[in-house]
Amino acid sequence: QVQPVESGGGVVQAGGSLRLSCAAAGRTFLNYGVGWFRQAPGKEREFVATISRSGKNTDYAGSVKGRFTVSRDNAKNTVYLQMNSLKPEDTAVYYCALRVANVGPYNYWGQGTQVTVSS
């Protein structure tokens, strides 16, 4: 069983930046594709970004493309989500998820970290 853990959430003003981290102690991230998702109050969980096991391939939701960047440091067993030019509508709980391949369903989910963007 793998348990990813997110960190780095907080409160930031519109236009500001935050960097989220996702780690899984005792497990090597090299074996997993990683995705970031978010869920705002009263809304469905939505896809934000994904990165392949090697880090060579990434994909983003249209709403964050050009503002968010997903990256990984397999030597540190950590995946990052750099969020710039934050907007109030980015306010949500952000989740990290792992999957054993670069495609298909995500198998393991973190507990989430709150991001609040004030206007």
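These are my notebook entries on one predicted protein model.

**Ground rules**

I number residues from 1 along each chain as its sequence is written, and I leave hydrogens and water out, since side-chain values use heavy atoms. The model is predicted, and local features need pLDDT of at least 70, side-chain atom pairs count only at pLDDT 80 or more, and totals for chains, interfaces and linings use all residues.

**Fold inventory**

I looked up the secondary structure first. The protein chain has 0 helices and 11 strands. Helices (H or I, at least four residues) and strands (E, at least two) are DSSP runs, numbered from the N terminus. Read from the N terminus, the elements go β-β-β-β-β-β-β-β-β-β-β. The radius of gyration is 13 Å, close to the 14 Å that the globule rule gives for 119 residues, so the protein chain is as compact as a globular protein of that length. That radius is taken over C-alpha atoms, and the rule is 2.2 Å times the number of residues to the power 0.38.

I then took the box. Along the principal axes, the C-alpha atoms fill roughly 40 × 25 × 25 Å.

**Burial, contacts and surface**

I find that 45% of the 119 residues count as buried. Buried means under 20% relative accessible area, exposed over 50%, partly exposed in between (1.4 Å probe, protein chains only). Next I checked contacts, meaning heavy atoms within 4.5 Å. Among contacts between residues at least 6 apart in sequence, 55% join residues at least 24 apart.

The accessible surface is about 6100 Å², and 48% of that belongs to carbon and sulfur atoms. Areas come from the Shrake-Rupley method with a 1.4 Å probe; for residues, only the protein chains shown count as cover.

**The disulfide**

The structure holds 1 disulfide, defined as a pair of cysteine sulfur atoms within 2.5 Å. C22 and C96 are the partners, with S to S at 1.9 Å. The link is left-handed, with -70° about the S-S bond. It ties distant parts of the chain: C22 sits in strand β3 (residues 18-23) and C96 in strand β9 (residues 92-99), 74 residues apart. C22 is buried at 0% relative accessible area. C96 is buried as well, at 0%.

**S21**

I stayed in strand β3 for S21. S21 counts as buried at 17% relative accessibility. Setting aside neighbours within four places in sequence, S21 contacts V5, E6, S7, W36, T78, V79 and Y80.

**T116**

I moved on to strand β11 (residues 113-118), where T116 lies. T116 is partly exposed at 26% relative accessibility. Beyond neighbours within four places in sequence, T116 touches G10, V11, V12 and T91. I also checked T116 against V100: 16 residues separate them along the chain, and their C-alpha atoms are 31 Å apart.

**Positive phi**

Most residues other than glycine have a negative phi. I noted N77, which is not a glycine, at a positive phi of about 55°. N77 is in the loop between β7 (68-73) and β8 (78-83). S85 also has a positive phi, near 50°. S85 lies in the loop between β8 and β9 and is partly exposed at 41% relative accessibility.
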